[in-house]
Structures are given as structure tokens and as C-alpha cells.
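We will look at the packing inside and then at some annotated positions.

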Amino acid sequence: MSSLLNVIDLRGQTPTLSSLRRTLPRGGTDVDSVLGIVAPIVTEIREGGASVALDYGERFDHVRPKSVRVPQEIIDAAVAGLSQHVRLALEESIARVRTVHEAQRPKDHTTELAPGATVTEKFIAVERVGLYVPGGNAVYPSSVIMNVVPAQAAGVEGMVVASPPQAEHGGWPHPTILAACGMLGVDEIWAVGGAQAIALLAYGDEDSSEALVPVDMITGPGNIFVTAAKRLCRSVVGIDSEAGPTEIAILADDTADPVRVAYDLISQAEHDVMAASVLVTDSEELARAVDAEISARYSITRNADRVKQALTGQQSGIVLVDDIDAGVRVVDAYAAEHLEIHTRDARQVAESVRNAGAIFVGEFSPVPLGDYSAGSNHVLPTSGTARHSSGLSTHTFLKAVHLIDYDEAALKEISDVVVALADAEDLPAHGEAIRARFEQLPTKN
């Protein structure tokens, strides 16, 4: 079939997982290619702190804010200047995201293995986190919500939002981002972006006049340079993931509405020229109709050039399969960041999928709903990492810690087992540490 999107025809085949990984559309970013550029930035900021970060910001963002930390009066002014309809939209989205993420917090629990022998699993929030909010092709107050609310639900006490300074806004981050932070009670915002923001969050600068305290974990999406900096700093701080360009896969049959499918594919393509939009279907008629609708509609969007580059790139396309079961195998191999299901019995099909960052069930649960107001989180694993990783959640900001509490009798009861295993591993001092509690061990003369 002639098509605007690339077409991969898997009908009549039973491809292996290996062949699917080689065949399915995938763009991705070569983080390794920019490590040589980013590594000196991280090193210089580790040594020079805030002033170096501001130097890099001036070079890349063409503006130098008066301070790294945004003054409270600037945040307050952004909140006051927010339009009423945007304020109400943010309030509703915050409420929904908070409801979902507060319900995610696990409860501490204790297991008794024998009288006097217990193991308690406690969930302790990370002490201080850095939440990165990008500011490139668009403004992302939604990313403020998706980062801040789970951290608050987890009980994080210290958090700082970092976002690039904007020349057109006095050298501070975009006012809508500042307003979202203010509405959420975040009063520490750093006007620094890119790789320099990640490095400054990781190393801080407590000797500067602003006493910038480093964080223990960094979360949030960003471009390839942000991702490279996160990789370089992950031995110093925890990170959520190495996020790549956004991606959507749609699994659809002949019951799907081609106009709705087309718009959903277009909606993610407008994020970035490297964004991926993939349709998997067992209906060639639907595939033709969706492609025709995309061709007729993408050009009237404001970001038409960006959309076309994304949709015609190697990372996007249409995959034809024999049936929906084969389609499920394909989307499991692809492991999309966002997966929509437009089929008969969509919920049942969705329940059979193993690998996706988030699954959107039926034609009235489109990805843009999840981007803003579904209550779910939009910071999700990309580039196939949904095969083994989860999206941002309350759990991201919690550490599971075991409290081991044995009394004398309980230790005595298990001591022979511990000593036997220590001897089997040729680590006799481990066993002696147990035996010393119950017998007099010889000393060297």
C-alpha cells in the first residue's frame, strides 16, 4: 500500500522476538554521542558550582538570571497572573493526580518468622529531590504536577524544581511553570536548565551566597543533553530513567475510528521531530484510512513541519499483522511509552498486554488525557524500557528498608543454619560473629 507512513507488513509471518526488535520502527537517541560534550560541563560545575552553571546557561539559553534561585515574589506574581481557566485546569489536574498517587503509598508491614524474630519493611521517602521541568518546544506545567505530586505523596520533605531561564521572561523560567510550582507549595525553584541543571542539582554549591544544597535523586524528562548528564551523575544521585523522545503505539482493529486514531498519532508527533507514532493493525482498510486522514489533517496543525518530520521518520510507521493476538505480540515487543487499544473488547485486550509504560483503553481514553488530567503519570519509560521499568510514581521516591529484630532465643534457634552457610561460603568470621554470642571463642596466644 502507498502510504505517508512507513509500512511494515508482518502478515503471513510468525516473527521471533529477536526479529521484531530488529524490524519494528525505532528511532531513539544516541546518548553516547553527546557524552563527550556533556562530561566537561558536569566536571566544571562539580568544581566551580553555581557561577559555572550560570555561565553555561548564558551560553546556551542566551540569558543570565540575577540568581539561580527564583525569588518568592516572582513566584507569587506568576500565580497571581495566571488566567482563571488555566488555574482551574491545573487545580483539577492536581487533584486527580494527587488522588491516584496518594493511593499508591504502600504500608509498612512486619513479618514474624518465629517467636522473637521479625523483619519489618519500612518505606522511607528520599530526603531531597531535584525535579527537572524542560522548556524547549513547549511549556510544561503538567511536568511540574507529574514530578511534584508523587514526591509529596511519598512524603519527600525537600524538593527543588529546575527549569531553564527564559530571556523573554526576565531570565526566569516560564511564568506558567512558576505558577504551577507556587500552587503546589514549591518555593525552591532554580532558573537553570539543560545538562548544567542536572550537574548543579547533583553537586550543589553550599559555599555560594544562595547555599544551594545538592539533592539525592533527580527525576523528570529532558533532551539528549539532560539525559547524558543524568547518566553521568547517576553514581552521585539516583535518577528515574534515561528518557528518550516520546512515543505512541496504537493497537487497532476494523472497529476503530480512523479520524480519532489519526489525531492521536499526530498529537504525539507534535512533541518532537524524533517522536514516534506507530499503528499496529490487522485491518489494511483501517491502515489506509488512518494514513489518508493523517495526510489530510496534519498540515493544518500549528506544528505541521515538526509533525511531518516525526511521522515520516524511521521511528514511525504502520505495522500490519494477521490478527489481534499477533498485534499483542508486536506491541509487547515494542514496549511503547504510551499504548492505546482501539479494538473489540478493548479492556480484555489491554489486560493481556505485558509491556507498556501506560495503557489507554478504548477510544475515549486517548494519550492526551494521560498527559494532563487522567490522574496517571506522564513521565514514562521510553525506547522499549517499558519491558523492565515503570513510570514515575509515588514508589519512585520511596526506599524500602528492612528492620531485622531478633532476640537472643530467636538468634540461637537459627544460628546453626547461619554458621553452616558461612562455612560453605568459606567466610568463617561470619559464623564466628554468631557463635561469639553464645560461646567463648579461643583467642590467639
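## The nonpolar cores

A nonpolar core, as the term is used here, is a set of buried Ala, Val, Leu, Ile, Met, Phe, Trp, Tyr and Cys residues joined through side-chain atoms within 4.5 Å. Please keep in mind that this is a predicted model.

The largest such core has 40 residues, and within this core V129 and F397 touch the most other members. Several elements supply at least two residues each, among them helix 4 (72–80), helix 5 (84–102), strand 3 (117–125), strand 4 and helix 7 (175–183). Helix 6 gives the largest share of this core, with 7 residues. There is also a second, separate core of 33 residues, including I41, A53, L201 and I218.

## The annotated binding site

The unreviewed UniProt entry lists Y132, Q196 and N223 under the feature "binding site". These positions are spread over 92 residues of sequence, yet they cluster in space, with a largest C-alpha distance of 12.4 Å.

You will find Y132 in strand 4 (residues 128–132). With a relative accessible area of 3%, Y132 counts as buried because this value is under 20%. The Y132 side chain reaches the backbone nitrogen of G194 at 2.8 Å.

N223 sits in the loop between strand 7 (217–219) and helix 9 (224–233). Its relative accessible area is 43%, so N223 is partly exposed, falling between the 20% and 50% limits.

Key:
Residues numbered from 1 in each chain as written. Predicted model: local features only at pLDDT ≥ 70, side-chain atom pairs only at ≥ 80, totals over all residues. Heavy atoms only, no water. UniProt positions renumbered as here; feature names shortened; annotations may be inferred. Helix = DSSP H or I, 4+ residues; strand = E, 2+ residues; numbered from the N terminus. Buried < 20%, exposed > 50% of the residue type's maximum accessible area, 1.4 Å probe, protein only. Polar contact = N/O pair within 3.5 Å; in protein donor to acceptor, adjacent residues only side chain to side chain.
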